[in-house]
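Please look over the structure below before reading on. The text that follows walks through it step by step.

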Amino acid sequence: MSSQRKRNAMTKEKLPNLITALRIAGTAGLIFAQPLTPLYFVIYTLCGLSDVLDGWLARRTGSASDFGARLDSLADLFFYTVMIVGLMPVLWALLPPAFWWVLGGVLLIRLSAYTVAALRYRRFAALHTYMNKLTGAVVFLLPYMLKLPVAPVWCWGTCAVAALASTEELLIHVRSGDYDANRKTIFRIKK
């Protein structure tokens, strides 16, 4: 293989991880943007698009890797943490105390899933299930919904989807003998 081909192949393999790294940098920029302003939405939208693009590109080029999956999970965790912390004043004013108790329960389930996985697999283990992807999508849309009259309903619905996804992930970790980051559902689907 020529050196040019090798460089192109190496670039193609690294591109998804580079896009993920750009999402991390964009998320850092999001910290300094005033929530729900035009600048915030530009940075936020670019971060969201990069999240879709990096995974698609990794699969398309055959460069998906365990490192890339972990980097993506950490980038997602950072992105959603920054997003929620930044939006907390808006959410706090919008939602009743009962919501926060329910959300605390959902977070406890999610933390339990991560703890079980860490004990069983001796590593951080987040799954790319359909329900986790759906949760990511509805959480991602949250800032766009906050200025609409349906915002409280969207928040409760998001919490319900997150509860189902967290419960599914916990059950998968409890029932599985081995770790598979790309497990799509708790149900065994024959190919």
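The paragraphs below go from the overall fold to aromatic rings, backbone angles and a cavity.

This is a predicted model, in which local features need pLDDT of at least 70 and side-chain atom pairs count only at pLDDT 80 or more, while totals for chains, interfaces and linings use all residues. Residues are numbered from 1 along each chain as its sequence is written, and side-chain values use heavy atoms, with hydrogens and water left out.

Begin with the fold. The protein has 7 helices and 0 strands, where helices (H or I, at least four residues) and strands (E, at least two) are DSSP runs numbered from the N terminus. Read from the N terminus, the order of elements is α-α-α-α-α-α-α. Along the principal axes, the C-alpha atoms fill a box of roughly 60 × 45 × 30 Å. The radius of gyration, taken over C-alpha atoms, can be set against a globule rule of 2.2 Å times the number of residues to the power 0.38. For 191 residues a compact globule would have a value near 16 Å, and the protein has 18 Å, which agrees.

Of the 191 residues, 38% are buried. Buried means under 20% relative accessible area, exposed means over 50%, and partly exposed lies in between (1.4 Å probe, protein chains only). A contact means heavy atoms within 4.5 Å. Among contacts with a separation of 6 or more, 79% come from residues 24 or more positions apart.

Next come the aromatic rings. Rings of Phe, Tyr and Trp (its six-membered ring) pair if their centres lie within 6.5 Å; planes under 30 degrees apart count as stacked, over 60 as edge-to-face and the rest as tilted. The whole structure holds 14 aromatic pairs. Why is the pair of Tyr40 and Phe41 edge-to-face? The ring centres of Tyr40 and Phe41 are 5.7 Å apart and the planes stand at 85°, so the pair falls in that class. Tyr40 and Phe41 are both buried.

Tyr44 and Tyr144 make another edge-to-face pair, with 5.7 Å centre to centre and 65° between the planes. Because Tyr44 sits in helix H2 (residues 38-61) and Tyr144 in helix H6 (residues 142-145), this pair ties together parts that are 100 residues apart in sequence. Tyr44 has a relative accessible area of 0%, so Tyr44 is buried; Tyr144, at 30%, counts as partly exposed. One aromatic cluster is formed by Tyr40, Phe41, Tyr44, Phe79, Tyr80, Phe140 and Tyr144.

Leu36 is not a glycine, yet Leu36 has a positive phi of about 65°. Leu36 lies in the loop between helix H1 (3-30) and H2, and is buried because its relative accessible area is 16%. Arg122, also a residue other than glycine, has a positive phi near 60°. Arg122 belongs to the loop between helix H4 (97-121) and helix H5 (130-140). With 69% relative accessibility, Arg122 counts as exposed.

On a 1 Å grid over the protein atoms alone, a cavity is a set of points where a 1.4 Å probe fits but cannot get out, and lining residues have an atom within 4 Å of a point. The count is 1 cavity of 30 Å³ or more. The largest cavity holds about 60 Å³ of space, and its lining residues include Asp66, Arg70, Phe124, His128 and Tyr179. By class, the lining has 6 nonpolar, 2 polar and 3 charged residues. Here Ala, Val, Leu, Ile, Met, Phe, Trp, Tyr, Cys and Pro count as nonpolar, Asp, Glu, Lys and Arg as charged, and the others, Gly among them, as polar.

Key:
On a 1 Å grid over the protein atoms alone, a cavity is a set of points where a 1.4 Å probe fits but cannot get out, and a pocket is an open set with protein on both sides within 12 Å along at least five of seven lines; lining residues have an atom within 4 Å of a point. Grid points are joined across faces, edges and corners, and a volume is the space filled by probe spheres set on the points.
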